[in-house]
Amino acid sequence: MLTRRQAVAAVGLSALGLRASPAAAKPTLGEDGLYQMDWYLESFLDLPEDLAGATAKGKRFAILWGLKGCPACKRMHEVHLLDPRIEAYIRDNFEILHLNHIGARTVTDFDGRKLGEKAFGESYAVRFTPTIQFFPENTTGLASLGGQAREVARMPGLLEPTAFLAMFRYVREKGYETTPFPEWLKKQV
């Protein structure tokens, strides 16, 4: 319940077109058993379109793979993504498409192939969850490459929160153009 002072402040801020800092979004459990954040990309699962849309917004495109009952997925959503610093950085700099490791929704790949989520993940050698695939800023040349060769980086499994955020910074700052992630991370410390 808002106090009178908080209500007056909120009305004043909204009248000025300002808003207070948003509270971290809370994960919700979807019907498919996957945790969702309200800022995850709503998509027709057309990857060239999703990547172009992210780039047009000045963001990077990534695919997060989840699985019902995955304890690391739960921890990522309840610990990592509830850290306001991590959540804000990812939300502000990335479009995250959340796919189901055993799902059946049809995904259109960068070469135009249409595959179910499970087969699509297999074609990229996604073996466990959570896995996060990071892609380049545009689709130039992606159709001629296969699977993992299309990625600029991959987070296979759940890193501790500091390294987790660092991986997103690594991609955003294009560290992959000059240095493998472990070396880049050492230089950040």
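Is R91 buried, partly exposed or exposed? In this predicted model, R91 has a relative accessible area of 21% and is partly exposed. The side chain of R91 forms a salt bridge with that of D92, with an N to O distance of 3.7 Å. D92 is partly exposed as well, at 45% relative accessibility.

Turning to the overall fold, the protein chain contains seven helices and eight strands. Of its 189 residues, 41% are buried. Among contacts with a separation of 6 or more, 64% join residues 24 or more positions apart. The accessible surface amounts to about 10400 Å², and carbon and sulfur atoms supply 56% of that area.

Twelve salt bridges are found in the structure. In one of them, D109 pairs with R113 at 3.4 Å, N to O; D109 is buried, at 0% relative accessibility, whereas R113 is partly exposed at 37%. Another links E137 and K174, whose closest N and O atoms lie 2.7 Å apart. Because E137 sits in the loop between β7 and β8 and K174 in the loop between α6 and α7, this pair ties together parts that are 37 residues apart in sequence. E137 is partly exposed, at 32%, and so is K174, at 29%. Shared partners also join D109, D111, R113 and R150 into one salt-bridge network.

The largest pocket has a volume of about 200 Å³. Its lining comprises 14 residues, with Q36, L41, E42, H98 and R105 the closest to the centre. By class, the lining holds seven nonpolar, three polar and four charged residues. Strand β4, residues 94-100, gives the most to this lining, contributing three residues.

Conventions: Residues numbered from 1 in each chain as written. Predicted model: local features only at pLDDT ≥ 70, side-chain atom pairs only at ≥ 80, totals over all residues. Heavy atoms only, no water. 1 Å grid on protein atoms, 1.4 Å probe; cavity = no way out; pocket = protein on both sides within 12 Å on 5 of 7 lines; lining within 4 Å. Points joined across faces, edges and corners; volume = space filled by probe spheres on them. Helix = DSSP H or I, 4+ residues; strand = E, 2+ residues; numbered from the N terminus. Nonpolar A, V, L, I, M, F, W, Y, C, P; charged D, E, K, R; others polar. Buried < 20%, exposed > 50% of the residue type's maximum accessible area, 1.4 Å probe, protein only. Contact = heavy atoms within 4.5 Å. Areas by Shrake-Rupley, 256 points an atom, 1.4 Å probe, with all protein chains shown as cover. Salt bridge = Lys/Arg side-chain N within 4 Å of Asp/Glu carboxyl O.
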